[in-house]
Amino acid sequence: MNREELINFADNTFIKYGIKTVSPTDKSKGAYVPNIQQKEVFSIMNIDPFERRRDIVIKELFSSNMLTISYYGSQREGSDRTPEIRMGLSDLINYFEVDDEILFATDNVNIFIYNLSKLESQSIDSDDSEEKLYSQINIYLLRQKVQTLNTIPTQVQREINIYLRNNALRALVKARANYSCEMPDCDYIAFEKENGEKYIEVHHLIPLSEGGEDSISNTVALCPTCHRKIHYSQNKGQLKEILEEYIGSLE
Ligand SMILES: [Zn+2]
Ligand SMILES: [Zn+2]
């Protein structure tokens, strides 16, 4: 997901959001001065900076991190100007560097924060990132959002290259596994397909798209869950090593 896509998401989803670039004094004084839109995020959530100095727990987008921050009105000594609203605490101040762009947003239940300079290291798959963001939004807002969407799916045409299936090899891998999952310690029991064949999936240890061979030593039989895990789980690297070791031991 890039900056434009995130802003588009924020425009269409959050009740209110605001983005501000961190100034040198925000960082050096340890007191971030929010802009007007960001103040509105807090006022929508009924957080009054003048009530008392309070600490608030906010959530980071794209992660499970929580930050504890303060939100308060600050009056300079001997000054008759209206007090300025500031935000502080180390969770917040350590979260950014000067010139980073900080987003505060609310979905009416939570306050979210995100440092837009992190976007470059975010997953490149935009659909995946968007799903992650939606998973963080409260379910009432999500329901409203879905109700406004067209129920007829959008179609796009694209040209793709696919690899032809080597069905003989697939059959051989399945036979080697005896239609069980080759992930050590998995206790998958195959169900039967309409044609009576037991259901098991075939996975390439080194993807064909990365130059992997379509050979028996580069393929494993996996149950649907283990197959998804090896592609998408947090510890897919570890799972891959376990599988590689197992396949290596067969030869
Ligand atoms: Zn696979
Ligand atoms: Zn399995």
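Among contacts in the protein chain between residues at least 6 apart in sequence, what percentage join residues at least 24 apart? The figure is 58%, where two residues count as in contact if their C-beta atoms, placed from the backbone, lie within 7 Å.

Before I go on, please keep in mind that this is a predicted model, in which local features need pLDDT of at least 70 and side-chain atom pairs count only at pLDDT 80 or more, while totals for chains, interfaces and linings use all residues. Residues are numbered from 1 along each chain as its sequence is written, and chains are lettered from A and ligands numbered from 1 in the order in which they are written.

Let me start with the overall form. The protein chain has nine helices and eight strands, these being DSSP runs numbered from the N terminus, with helices as H or I of at least four residues and strands as E of at least two. Its radius of gyration, taken over C-alpha atoms, is 26 Å, well over the 18 Å that the globule rule (2.2 Å times the number of residues to the power 0.38) gives for 251 residues, so the chain is more spread out than a compact globule. An automatic or database domain assignment divides the chain into domain 1, residues 3-147, and domain 2, residues 167-250, and the C-alpha centres of the two domains lie 43 Å apart.

Now to strand β5, residues 101-106, where five of the six residues are buried, meaning that 20 or more other C-beta atoms lie within 10 Å of a residue's own, with C-beta atoms placed from the backbone. On one side of the pairing list, β5 runs antiparallel to β1, residues 16-21, over six bridges, and strands count as paired if DSSP finds at least two bridges between them. Five bridges also join β5 to the antiparallel strand β6, residues 111-115. Thr106 takes part in both pairings, being the bridge partner of Lys16 and standing opposite Ile111 in β6. Four residues separate β5 from β6 in their hairpin, and in that turn Asn108 has a positive phi of about 85°.

Finally, the cores, each a set of buried Ala, Val, Leu, Ile, Met, Phe, Trp, Tyr and Cys residues joined through C-beta atoms within 7 Å. The largest has 22 residues, and Leu103, Phe104, Ala105, Phe112 and Ile113 have the most contacts inside it. At least two residues of this core come from each of α3 (36-44), β3 (66-74), β5 and β6. Another core, of 10 residues, lies apart from it and includes Met183, Val220, Cys223 and Ile230.

Methods: A residue is buried if 20 or more other C-beta atoms lie within 10 Å of its own, exposed if 12 or fewer, and partly exposed in between; C-beta atoms are placed from the backbone.
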